[in-house]
Amino acid sequence: MKISAVDAALRFRQGSLTPSALTEEILGRIAAVNPRLNAYYEVFAAGARESAAAATREFREGRGRGPLHGIPVAIKDIFDMEGSVTTAGAHPGFRPPPARADSEVVARLREAGAVLLGKTAVHEWALGVSTNNEHFGPTRNPFDTDRIPGGSSGGSAVALAAGLTILALGTDTGGSIRIPAALCGVVGLKPTYGRVSLAGVTPLARSLDHAGPMARSVEDAFVLLEAMCGFRREAARRPRVLTPKQYFFDDVDPALVELVRAAAARLGKVEPVDLGDMKAVWDANTTILYSDAAAFHEERLREHPDWFGMSLRDRLPVGLKYRGIDYARARDVQREWTARLTRLLGDDAVLVAPTTPVHATLIGEGEGSTLGRLMSRLTAPFNLAGAPVLSVPVGEVGGLPVGMQLVAAPGRESVLWEVGKDFQSLKLEPQGGAS
């Protein structure tokens with residue numbers, strides 16, 4: 001059922017829909033569709049039914065807990081859930097025992113009364129943009145099952161696009177929420193760095209990792225964000241609209257450029273801005289990401305290099321070759337870039353840019369570093385700055401969804417909410433995909 005979380009919550013309160021009925025319908029759809037799409041690695045059917053039944057009883061007794069009570073949520077298989085193995089998409093030999101406790105975000109969702117459906121597919125160790133996982137098989141885009149859904153939160157995006165959940169959790173280190181959101185026609189929000197707790201989340205690069213919500217509408221994404229952390233939306237002035245003079249529209253599909261520029265113009269008067277040396281920003285992000293990732297995986301790389309899939313085997317060791325001085329200089333660039341972007345955006349501006357330069361590519365095409373550079377080139381700079389970014393569907397190119405990024409200054413998610421509301425009148429749900 002492709003109902004929004006907000007509408008489902010309203011119907012729960014009215015009594016015209018129950019959490020049990022909604023959960024049962026979604027579980028049936030998962031059973032029918034997931035074998036083809038591989039959006040979920042593990043489905044908690046019994047636990048979901050139990051949680052939904054409890055929520056149904058509580059609503060009948062007038063004991064609603066809030067906007068997430070009874071709402072089905074998919075969990076990226078990188079968040080710990082008590083009693084479940086957090087695979088992180090890794091080789092079986094690397095998998096830990098079942099988690100002894102929930103990650104902080106999952107614990108918050110349980111407290112809010114959410115129905116946790118299962119663990120969604122992830123690119124191996126979250127280092128990749130295709131979710132073409134050698135250990136679990138490829139996850140497929142509902143719009144064209146020969147194509148990637150993006151990654152690393154590909155399973156969450158597919159589950160949303162195909163109606164296999166109402167809300168989903170993702171993580172984003174270089175674009176891993178926004179890329180699959182764009183390629184699957186859904187909404188993804190990378191909050192300000194540190195906004196959402198990463199306790200109990202398998203790291204990729206601790207200096208750049210963000211956890212955030214994925215949904216089929218902007219409003220639903222913010223409802224989930226508020227449940228994940230202490231954030232609350234505040235009134236914000238109508239934002240100024242900025243577009244980059246360089247880099248973000250270079251080497252991008254012309255049809256996508258046209259869609260994004262037209263959308264920016266609808267938001268208000270557009271002001272082009274100079275963002276400076278983006279090559280230095282990209283290089284700094286790469287240095288930090290691979291250094292952090294190699295530090296986390298050093299022992300695994302030394303003892304079992306053959307357990308890593310081909311898309312990681314050559315890339316992860318790169319991080320071991322950087323010098324301390326390289327990392328320090330990358331941190332200098334990070335500070336300068338963050339200050340520049342924060343100064344340009346201020347308290348009341350949003351920067352508009354494409355999320356990806358192209359639509360979804362064919363599974364296996366350019367896998368590894370080539371695909372990673374292509375798809376994360378426009379997203380990774382904002383991980384380096386720790387700025388909040390909302391990716392929204394902006395149309396289709398060649399019959400496949402593409403997205404647009406809305407970037408605000410660190411701590412200014414409310415600005416994204418203000419501008420994102422303009423997209424609430426658009427039909428954000430995918431027009432096609434699995435059925």
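A: The chain has 14 helices and 13 strands. The model is predicted. Along the principal axes, the C-alpha atoms fill a box of roughly 60 × 55 × 40 Å. Of the 435 residues, 59% count as buried.

Now strand 11. This strand covers residues 349-354. Six of its six residues are buried, so strand 11 is mostly covered. In a regular strand, side chains alternate between the two faces of the sheet. In strand 11, Ala-349, Leu-351 and Ala-353 point one way. Val-350, Val-352 and Pro-354 point the other way. Both sets are buried.

Next, the partners of strand 11. One of them is strand 9, which runs parallel to strand 11 and is joined to it by three bridges. Here Arg-240 stands opposite Ala-349 of strand 11. Another partner is strand 13, residues 400-407. Strand 11 and strand 13 pair in the antiparallel sense, over four bridges. Within this pairing, Ala-353 has Gln-405 of strand 13 as its bridge partner.

Follow strand 9 onward. Strand 9 spans residues 240-244 and also pairs with strand 10, residues 270-273. These two strands run parallel and share four bridges. Pro-244 of strand 9 stands opposite Val-273 in strand 10.

Strand 8 has pairings of its own. It covers residues 210-215. Six of its six residues are buried, so strand 8 is largely enclosed by the rest of the structure. Strand 6, residues 167-172, runs antiparallel to strand 8, with five bridges between them. Leu-169 stands opposite Pro-213 in strand 8. Strand 7, residues 187-190, pairs with strand 8 too, again in the antiparallel sense and over two bridges. In that pairing, Gly-188 has Met-214 of strand 8 as its bridge partner.

Gly-155 lies in helix 5, residues 154-161. Is Gly-155 buried or exposed? Its relative accessibility is 0%. Buried means under 20%, so Gly-155 counts as buried. Gly-155 and Val-407 are 252 residues apart in sequence. In space they are 24 Å apart, C-alpha to C-alpha.

Last, the surroundings include an open space. The largest pocket has a volume of about 390 Å³. It is lined by 24 residues. Closest to its centre are Leu-127, Tyr-290, Arg-315, Gly-372 and Ser-376. Helix 9, residues 278-303, and helix 12, residues 369-376, each supply at least two residues of this lining. Helix 9 gives the largest share, five residues. By class, the lining has eleven nonpolar, eleven polar and two charged residues.

Key. Residues numbered from 1 in each chain as written. Predicted model: local features only at pLDDT ≥ 70, side-chain atom pairs only at ≥ 80, totals over all residues. Heavy atoms only, no water. 1 Å grid on protein atoms, 1.4 Å probe; cavity = no way out; pocket = protein on both sides within 12 Å on 5 of 7 lines; lining within 4 Å. Points joined across faces, edges and corners; volume = space filled by probe spheres on them. Nonpolar A, V, L, I, M, F, W, Y, C, P; charged D, E, K, R; others polar. Pairing = 2+ DSSP bridges. Buried < 20%, exposed > 50% of the residue type's maximum accessible area, 1.4 Å probe, protein only.
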